[in-house]
Amino acid sequence: MNNKIHLLGWTIIVPLIAWVAYLAHYYVGGHWYSLLLTVFLVGSVLAAVYHSEIIAYRLGEPYGTLLLAFAITVIEVSLIISIMLSSKGLETISLARDTVFAAVMIILTGIIGICIIVGSIRYKQQLFTLQGVGTAMITLIVVVVFLLVLPNYTTSHDNGEYTSLQLVFISVISLALYIAFTMVQTIRHRAFFIAPIPKTGNDELSEETDFLPEKPSRKVMLLSVLFLILCLGIVVLLAKYLSKDVDVLVLKAGAPKSIVGIIIAGIVLLPEGIAAIRAAYNNRLQTSLNLAFGSALASIGLSIPAVALVSVFADFRMTLGISIKSTLLLGLSLFIITISLATGRTNIMQGLVLISIFFLYLFTTLVP
């Protein structure tokens, strides 16, 4: 018998209280209050995960994951632009680059690595549609090279920066590629992004599919859309407010400034990461990969053009080119991902290798 999906009370109450707590920061302050706001930030992220899963389940693949990826990108762009505009100067010149690079590395090595490990522990091997992953990979590789690697080798500007004309041209191409990928994903080759039906030899899998819940009603989905917007909005505001405390902690710890980009990317990707890991745990690796690659493409293919547009009109500099060390780690990650996902099925060793690259990325950022 199927079960109906209902909205959980805490996923409604937490974001509402978080909004009230944020507005109260004009009258209340201090480190303890910042800690309380951090708790509400995490709660709002978890509520966003729940509502996004309801919307995704109602819309079906790949529309649900595409919607979540777009929503996450809105958070990222809003956060980057608001911080850069509020503190113009050389201290934020590389914020967009650090955040987007961190997002790509977290997704490719951290999130996908954990998803593969979680799925492999429970199911040994998991299947996915090779054509969809291949389409996402070639698009991601090209956009990553255009925006994060090529700026180091142009001669019109130094220090890994594009000129305004170059920035607009590359941004338009990257945005066009993202739009084309979205059309392929949702219209022309939608079947490439739908999970393959596993061979029914697993009694546990058969029992799970017999008890799948009914799709949520239209009313429940609309409520989830409303509260997803509220959750994402308060996450942006709380993250921006708490970023000052993060800057102070990074400064006191003597850590590199790029850590701020990793923290922002981690906060932004938390809802999508949790949703992807839960999907892998429930033997829906295709959904996990749709979320991961969709988020990576949106993060770089939408975020950078949006920030670039603001930088041109607001007249502030933006460095995009990553260092040689970062280029090596990024190239290694893309190479391992390409090999690991070349067969249409995963095993635990692929996940362990990706996680090792993720830990190396974090360690070499802290200890350059």
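**Starting from one valine**

Tutor: Val118 touches Ile277 and Tyr281, leaving out residues up to four places away in sequence; contact means heavy atoms within 4.5 Å. This is a predicted model, where local features need pLDDT of at least 70, side-chain atom pairs count only at pLDDT 80 or more, and totals for chains, interfaces and linings use all residues. Residues are numbered from 1 along each chain as its sequence is written, and side-chain values use heavy atoms, with hydrogens and water left out.

Student: Which helix is Val118 in?

Tutor: Val118 sits in helix α4, residues 95-123. Helices here are DSSP runs of H or I with at least four residues, strands are E runs of at least two, and both are numbered from the N terminus.

Student: And how far apart are the C-alpha atoms of Val118 and Asn283?

Tutor: They are separated by 9.5 Å, though the two residues are 165 apart along the chain.

Student: Ok, at what angle do α4 and α13 cross?

Tutor: Roughly 145 degrees, and their axes come within 8 Å. Axes are lines fitted to C-alpha atoms, for helices over the stretch in contact, and angles run from 0 to 180 degrees between N-to-C directions.

Student: What kinds of residues make up the contact of α4 with α13?

Tutor: There are 17 nonpolar, six polar and no charged. Ala, Val, Leu, Ile, Met, Phe, Trp, Tyr, Cys and Pro count as nonpolar, Asp, Glu, Lys and Arg as charged, and the others, Gly among them, as polar.

Student: How do α9 and α13 cross?

Tutor: The axes of α9 (residues 258-281) and α13 (residues 348-366) cross at roughly 145 degrees and come within 9 Å. Ser258, Ile259 and Ile262 of α9 meet Tyr361, Leu362, Thr365 and Leu366 of α13. Those residues divide into five nonpolar, two polar and no charged.
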